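Here is a short briefing for a reader new to this structure. Start with the picture, then work through the points by topic.

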2 protein chains.
Amino acid sequence: MRTMAVIGTGLIGTSVALAVRGRGVAVYLSDRTGAAARTAAALGAGVVATPQEPVDLAVIAVPPSQVCAVLIEAQERGLARCYTDVASVKAVPERAALSRAPAPDRYIGGHPLAGRERSGPLAARAELFLDRNWVLTPSPLTSDETFDLALELVELCGAVPVVMRSQEHDAAVAVTSHVPHLMASLIAARLREGPPALSLVAGQGLRDATRIAGGDSRLWGDILRSNAPAVAGVLKDLHTDLSRLVPALDALAGSDGGDRDQGMRTLVDLLDRGISGLAGIPGTGRAASADGQRVRVGVPDRPGELARLLAAVTELGVVAEDAAVDGAAGGGSGLAARFTVPGPVAERLVTGLRADGWEAVREHDARLPLLQE
Amino acid sequence: MRTMAVIGTGLIGTSVALAVRGRGVAVYLSDRTGAAARTAAALGAGVVATPQEPVDLAVIAVPPSQVCAVLIEAQERGLARCYTDVASVKAVPERAALSRAPAPDRYIGGHPLAGRERSGPLAARAELFLDRNWVLTPSPLTSDETFDLALELVELCGAVPVVMRSQEHDAAVAVTSHVPHLMASLIAARLREGPPALSLVAGQGLRDATRIAGGDSRLWGDILRSNAPAVAGVLKDLHTDLSRLVPALDALAGSDGGDRDQGMRTLVDLLDRGISGLAGIPGTGRAASADGQRVRVGVPDRPGELARLLAAVTELGVVAEDAAVDGAAGGGSGLAARFTVPGPVAERLVTGLRADGWEAVREHDARLPLLQE
């Protein structure tokens, strides 16, 4: 790919432009707001100009509901050989392109899983997509050339291509992004009506849980509207879940012992299902430790020994997902510390700790002696 | 304060012990799990022993429902002169203490607003409470000496004391912590039943929104049960909000134009209320920029100039909450960049940029020339 056009120089469009510019691609920028395109250009993302001949690929970086109109307009004036977009809803643009675009075979939907709280070109970063998934949703008509150019774009941005059907994508993001956004907004909106004490007891947990609610409301309104059927479905499921949870809390607030026990079971069951659900999110500690390995280290029962061990583990560059201490096997006076670490790290940790004089074993090594006791 | 007892050496208890040990206080540790107390001692948090004479202050660091039983047991054996706890629910322990403890005047409720995803003594940090709010909830009976010792504890931990009534505290944390936790659990639980594509489109937003759901389910069950009336109230409000939102999404998924418009208004109104609710959370960008000041900088319309300005701003150690670029006033060919920064920083930013040769003004300075145009 030698030439590219970016239509819409907000956070994502400008970041794409910066990323491919860094890999030697010539980029033509445009935005319905002239200042936004000039800002992107001033950041070094490309030039604000109309290409003299069709570029290899045009990236349409506008809200979901506008993708198709922009695609039609661009294809009619022959802006590019192939086209993709970066909107976070995929079925609506695809359906519109298939029925209305002059060359639907020259379009493939795309959605890079990357973003920031801040929006606009000034928030753009060439590294925004590094190691992030970038979903591509080829339609039955999408040409091989279009698919290949989109794959090249993903590679130029340092992202990981993931291919799925547009409907599959939309059903998934309704659960992982769109409904969580609405729940965060509902929680944040409740803060407006509360007593002044609220801000005194607001901590990091609340900040994290509501952070996504800070996104631009017009853009998010557009996103949610464009995926309304899938979002409505998940929202109804959550509404049902909540309808079951309210009586459980009511029971816990009441005085009937049996009801309270039942309420507590419902509550802890939900909390446990939540914990196991987190394992499905890549990059969370629990997901990582699912295929982790346990390392056991003997700790002399003297003040400071455990602190010394934790320092040694940190020194070796190891971040333990999970650590626990209990009495050493065999009834000795020492303690045993257990660390769960990613599989490949376990060997390094054991070797490093042994070199430091610690009694460290991988848990499966330790199994036999334990069985013999 | 010279001596302290910590009952319950989990994350919070051990962190309290580490913090006050660092300030020269002698700490006696205990935990119903012997290994946990020995672990805390091995970390340098104190000694596992029964004090020979009453300590100045005992810190009860156990789940909310157990605070009162532990308080009664400790007061009966004369462990300390005064007592506090660190549970995140305050009315239940206070009510129980007032009706059942041998010396309710020697108890004051406390709740440090600090925590980590990891639990247990190994996750403890002496710095955990630094600059965090620490709520104290004196009852009508709490003695001055008890209050003073609790204030000294907060100071020793480097935290900020905040005084409120226990009911006021519980109503507030129901909104800021307990209900957000349940919503995070509901969202995370939904991930278990979804298609495999879910994990491919799960990003940082979802990780943040659900992080709190990873907390220990038995501890959280206890917390939520202990604050059930307040939690049930907020949960019902959210249920009502959701009952209004579902039809809006249904309307957006339908084909009636009027219904769609109405649904969109409901949706965007919620998103906007969420954004304004975030302003009530200290430490979020939007809260900070509420009393921020705008700085305007002229940018020559040449490639790279804006990148050079952003680098200069960063070089000055300034984090702009909000930045925007538009055409310069007066119709010139340049751009104007606007940064919103906390008030005290504005002067420093302007002076620093001018020294670097930029045309920088504080926005209120800029108002007059604009009016004259």
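The notes below cover confidence, the annotated domain, the interface and the salt bridges.

This is a predicted model. Chain A has a mean pLDDT of 89. Chain B and chain A bury about 9800 Å² between them.

**Confidence**
- In chain A, 91% of the residues reach a pLDDT of 70 or more.
- Residues 285-290 of chain A stay under 50 in pLDDT. The model gives this stretch 8 contacts beyond four places in sequence.
- Residues 365-373 of chain A also have a pLDDT below 50. Here the model has 6 contacts beyond near neighbours in sequence.
- Where pLDDT is low, predicted coordinates should not be read in detail.

**Annotated domain**
- An unreviewed UniProt entry places the feature "domain: Prephenate/arogenate dehydrogenase" at residues 2-282 of chain A.
- That span, residues 2-282 of chain A, is 53% helix and 13% strand.
- The C-alpha atoms at the ends of the span lie 34 Å apart.

**Interface of chain B and chain A**
- On chain B, 109 residues are in contact with 109 residues of chain A.
- Carbon and sulfur atoms give 72% of the area buried between chain B and chain A.
- The rule finds 16 residue pairs in polar contact across this interface, with both residues at pLDDT 80 or more.
- Helix 6 of chain B (residues 166-193) supplies the largest share of the chain B side that touches chain A, with 19 residues.
- The chain B side that touches chain A divides into 60 nonpolar, 26 polar and 23 charged residues.

**Salt bridges**
- Side chains of opposite charge can pair when their charged atoms come close.
- Between chain B and chain A the count is 8 salt bridges.
- A:Arg211 and B:Asp208 meet in a salt bridge through their side chains, at 2.7 Å from N to O.
- Over all chains, a search of the whole structure finds 28 salt bridges.
- Within chain A, A:Arg23 forms a salt bridge with A:Glu155, and their closest N and O atoms are 3.4 Å apart.
- A:Arg23 lies in the loop between helix 1 (11-21) and strand 2 (26-30) of chain A, and A:Glu155 lies in helix 5 (residues 144-156) of chain A, so the pair ties together parts that are 132 residues apart in sequence.

Methods:
Residues are numbered from 1 along each chain as its sequence is written. Chains are lettered from A and ligands numbered from 1 in the order in which they are written. Side-chain values use heavy atoms; hydrogens and water are left out. pLDDT is the predictor's confidence in each residue, from 0 to 100. Contact means heavy atoms within 4.5 Å. Buried area is the accessible area (1.4 Å probe) that two parts lose on being put together, summed over both. A salt bridge is a side-chain nitrogen of Lys or Arg within 4 Å of a carboxyl oxygen of Asp or Glu. A polar contact is a pair of N or O atoms within 3.5 Å; within protein, one must be able to donate a hydrogen and the other to accept it, and residues adjacent in sequence count only if both atoms are side-chain atoms. Helices (H or I, at least four residues) and strands (E, at least two) are DSSP runs, numbered from the N terminus. Ala, Val, Leu, Ile, Met, Phe, Trp, Tyr, Cys and Pro count as nonpolar, Asp, Glu, Lys and Arg as charged, and the others, Gly among them, as polar. UniProt positions are given in the numbering used here, feature names are shortened, and annotations may be inferred rather than shown by experiment.
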